[in-house]
Amino acid sequence: MDHEASTLDALIVDIDVGGGTMGFGVARYARRLNGAISVIFLSSAHHDSVEKFGVSGAAHVAKPFDPGLLVMILRELAAERT
């Protein structure tokens, strides 16, 4: 699993993953494996919460959201990598 996670380019994670797991922890773990991974948090939480508890440089998409917005952000992140 660790090897596979370290090769990902992007992580899209809800802040409240469920079962007591928070997306912030998932994102921090992913960044430990791959410091360059792009992170997008999905949440109805206020943007300030994401900035305070999330990982640096992460994007925040507020729920409910237009799937087209998520696609646009992913394309922008991919363009930054090339």
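Lys-63 is partly exposed, at 36% relative accessible area (partly exposed sits between buried, under 20%, and exposed, over 50%, with a 1.4 Å probe and protein chains only). This is a predicted model, where local features need pLDDT of at least 70, side-chain atom pairs count only at pLDDT 80 or more, and totals for chains, interfaces and linings use all residues. Residues are numbered from 1 along each chain as its sequence is written, and side-chain values use heavy atoms, leaving out hydrogens and water.

**Salt bridge**

- Lys-63 pairs up with Asp-14 through their side chains, 2.6 Å from N to O; a salt bridge here is a Lys or Arg side-chain nitrogen within 4 Å of an Asp or Glu carboxyl oxygen.
- That rule gives a count of one salt bridge.
- Asp-14 belongs to strand 1 (residues 10-14) and Lys-63 to the loop between strand 5 (59-62) and helix 4 (67-81), so the pair ties together parts 49 residues apart in sequence. Helices (H or I, at least four residues) and strands (E, at least two) are DSSP runs numbered from the N terminus.
- Asp-14 is partly exposed too, at 23% relative accessibility.

**Nonpolar cores**

- The largest nonpolar core has twelve residues, among them Leu-11, Phe-24, Ile-37 and Val-50; a core is a set of buried Ala, Val, Leu, Ile, Met, Phe, Trp, Tyr and Cys residues joined through side-chain atoms within 4.5 Å.
- Strand 1, helix 2 (23-33) and strand 4 (38-43) each give two or more residues to this core, and helix 2 gives the most, with three.
- Ala-27 touches Leu-11, Val-39, Phe-41 and Val-55, leaving aside residues up to four places away in sequence (contact means heavy atoms within 4.5 Å).
- A second, separate core has six residues, including Val-61, Leu-70, Ile-73 and Leu-77.
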